[in-house]
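Subject: A structure for you, with some notes

Hello,

Here is the structure I promised to pass on.

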Amino acid sequence: MDVVEELRTHCMAKEDSAEDYPWGDVAWKVKGKMFACSSPESSRVSVKSTLEKQAALIQHPNIEPSAYVGRYGWVTVDVVDKSVLELARELIDESYAIVRAGKKKR
């Protein structure tokens, strides 16, 4: 199972999604804002969540707060099997919806 290719296919199927390589890693964006990112050689994906949901998600053995942006609700999923891949897809969908809806900063 090529996890990065599975994640890429899922992310790029989203309306108005774009792929970028800001730090050598791959980031998937909508409206210029990142909703998921991964490393080309990794089975891990980071997604945006809420702080409330993050508290529950990190109880899963394959999910942890993301480095640097965990304080904003981001989590990193280590995709170790098909069931975790399916969970990662669901979290990508939620992240995409959060970012696409976006809040305007005042």
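Contact, in these notes, means heavy atoms within 4.5 Å. With that in mind, histidine 60 touches Val84 and Leu87, if residues up to four places away in sequence are not counted. Histidine 60 sits in the loop between α2 (51-57) and β5 (63-65). Helices (H or I, at least four residues) and strands (E, at least two) are DSSP runs, numbered from the N terminus. With a relative accessible area of 27%, histidine 60 is partly exposed; buried means under 20% relative accessible area, exposed over 50%, and partly exposed in between (1.4 Å probe, protein chains only). The C-alpha atom of histidine 60 is separated by 9.3 Å from that of valine 77, 17 residues apart along the chain.

Before going further, please note that this is a predicted model, in which local features need pLDDT of at least 70 and side-chain atom pairs count only at pLDDT 80 or more, while totals for chains, interfaces and linings use all residues. Residues are numbered from 1 along each chain as its sequence is written, and side-chain values use heavy atoms, with hydrogens and water left out.

Now to the helices. Two packed helices are described by the angle between their axes and the distance between the axes. Helix α1 (residues 3-12) packs with helix α3 (residues 82-101) at an angle of about 30°, and their axes are 11 Å apart. (Axes are lines fitted to C-alpha atoms, for helices over the stretch in contact, and angles run from 0 to 180 degrees between N-to-C directions.) That angle makes α1 roughly parallel to α3; angles under 35 degrees count as roughly parallel, over 145 as roughly antiparallel, 65 to 115 as roughly perpendicular and the rest as oblique.

Which residues make the contact? From α1 they are Glu6, Leu7, His10 and Cys11, and from α3 they are Leu85, Ala88, Arg89, Ile92 and Asp93. The residues of this contact divide into five nonpolar, one polar and three charged. Here Ala, Val, Leu, Ile, Met, Phe, Trp, Tyr, Cys and Pro count as nonpolar, Asp, Glu, Lys and Arg as charged, and the others, Gly among them, as polar.

Next, the core. A nonpolar core is a set of buried Ala, Val, Leu, Ile, Met, Phe, Trp, Tyr and Cys residues joined through side-chain atoms within 4.5 Å. The largest one has 22 residues, of which Leu7, Phe35, Ala36, Val45, Val77 and Ile92 touch the most other members. Two or more residues come from each of α1, β2 (26-30), β3 (33-38), β4 (44-47), β6 (75-78) and α3. With seven residues, α3 gives the most to this core. Leucine 7 is in contact with Trp28, Val45, Leu85, Ala88 and Ile92, leaving aside its neighbours within four places in sequence.

Arginine 8, also in helix α1, is partly exposed at 32% relative accessibility. Its contacts beyond four places in sequence are Glu19 and Trp28.

Two loop residues are worth a look. Aspartate 16 has a positive phi of about 65° although it is not a glycine; aspartate 16 is in the loop between α1 and β1 (17-20) and is exposed at 53% relative accessibility. Lysine 31, also not a glycine, has a positive phi of about 55°. Lysine 31 lies in the loop between β2 and β3 and is exposed, with a relative accessible area of 60%.

Finally, glycine 102 is in the segment after α3 and counts as partly exposed at 43% relative accessibility.

Best wishes
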